[in-house]
Every structure is written in C-alpha cells, then in structure tokens.
Amino acid sequence: MAAYLQGLSVIASSHGLPYRISEGNSIWGQGKPGVSNVFASALWALDFMWSVAENHGQGVNFHGGGVRFVYTPINAANGVTTARPAYYAMLAFKYGATGGKLLAPQVINRNAQDNYSVHSSISPDRSTSITLINKELEKDFVFTVQLSQAASMMSISRLSAPSVTSSSGM
C-alpha cells in the first residue's frame, strides 16, 4: 500500500485537492470470519490509518453495515450493538493522532527483519503521542523514546486482546 498511497498523495497535491480512502476494509466481499473480525484486523486498521495520514490522506471510511458485513466497525444485531475490531482501531487512532501534527519518528538501529511500525504526532498543547505496533507473534521489541524536550508526565494506553485471533476482549 505504501507506493499506492504515495501515488495518491502526488496526484492529489498536483491538483491542489485532498484525497480520502472510501470503503476501506480488511478483505473484499463483506469480510472473512477469522480475519476481519479478530484483533489482528484492529492492528492492521490502526497501521493503515496512520499510513494514510502520513501520506497526506484526509481520512479513511471503513465499510460497514449489518450482520452480513464481517468487517463492520459497529454491529447491530437482534437489538444489541457491539464494537468490532475496526472500531477499536479508530478509537486508538483518535487518541494517537487526531488534532495533531504528524511527526516522522527516527528509528535507530532497526533490523530489516523486524516487523513493527512506529508513528507519532504532536498536538497543539505540545504533547507527543507515539503509536508502536508490534506485528510479530513471537517477538517483543524494546524501544527507547527520546523527545526533543523534557516531559513532565507520561501515560500509556494499550490496544490489546487475549490473542491476535481473539474476536472479543479488546
């Protein structure tokens, strides 16, 4: 998707227009159980929203709908409304990026085989948000964060679930 998003950015900016991804989702054809409705899809959606933003996109509309749409962010069935993985990704993105200016974090000594993403932004109140996404099942990563100015407070929020294949407990 990186080359595609970069191309959209170039085309849109050459015409002085914004672009937005419409009807984005984890897989075509209303989604796939075990893929679109599990925690791994939340991590994918969060990383995807950051990638669109970093390529000057104005937003992402995730496709949704009724019970038949496995990838829908919010499901309403039999009078019960439930949040699905894409909803939690949107919520995490809201807290990590909304209203902020995107920063290009520098990752030093990254191993080419390491599969993670690092995204960050700075909000108008000068607070910095960093989103780290581990895409490995069997490997943990250690990060040292160095800010350009001293921090007086830090908080950590986690988007987590019992496992990447969990469809609940996020």
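**Notebook: rings, charges and a pocket**

I looked up K94 and found it over the face of Y95, at 4.2 Å from the ring centre. I am working from a predicted model. I then checked R110, which lies over the face of Y116, at 3.9 Å from the ring centre.

Next I turned to ring pairs. I noted 8 aromatic pairs in the structure. One of them joins Y87 and Y88, with 5.5 Å from centre to centre. Their planes stand at 80°, and the pair is edge-to-face. I looked up how open these two residues are. Y87 has 30% relative accessibility, so I put it down as partly exposed. Y88 has a relative accessible area of 25% and is also partly exposed.

I went on to F141 and F143. Their ring centres are 6.5 Å apart. The planes meet at 50°, so I logged this pair as tilted. F143 is partly exposed, because its relative accessibility is 32%.

I also found an aromatic cluster, made up of W44, F48 and F62.

Last, I looked at the second largest pocket. I recorded a volume of about 180 Å³ for it. How many residues line this pocket? I noted 14. Nearest the pocket centre lie A53, G57, Q58, G59 and F93. Which helix gives the most to the lining? It is α2, with 3 residues. I placed α2 at 39-54 and α3 at 85-97, and each supplies at least two lining residues. I sorted the lining by type: 7 residues are nonpolar, 7 are polar and none is charged.

Key. Residues numbered from 1 in each chain as written. Predicted model: local features only at pLDDT ≥ 70, side-chain atom pairs only at ≥ 80, totals over all residues. Heavy atoms only, no water. 1 Å grid on protein atoms, 1.4 Å probe; cavity = no way out; pocket = protein on both sides within 12 Å on 5 of 7 lines; lining within 4 Å. Points joined across faces, edges and corners; volume = space filled by probe spheres on them. Helix = DSSP H or I, 4+ residues; strand = E, 2+ residues; numbered from the N terminus. Nonpolar A, V, L, I, M, F, W, Y, C, P; charged D, E, K, R; others polar. Phe/Tyr/Trp six-rings, centres within 6.5 Å; stacked < 30°, edge-to-face > 60°. Buried < 20%, exposed > 50% of the residue type's maximum accessible area, 1.4 Å probe, protein only. Lys NZ or Arg CZ within 6 Å of the ring centre and 35° of its normal.
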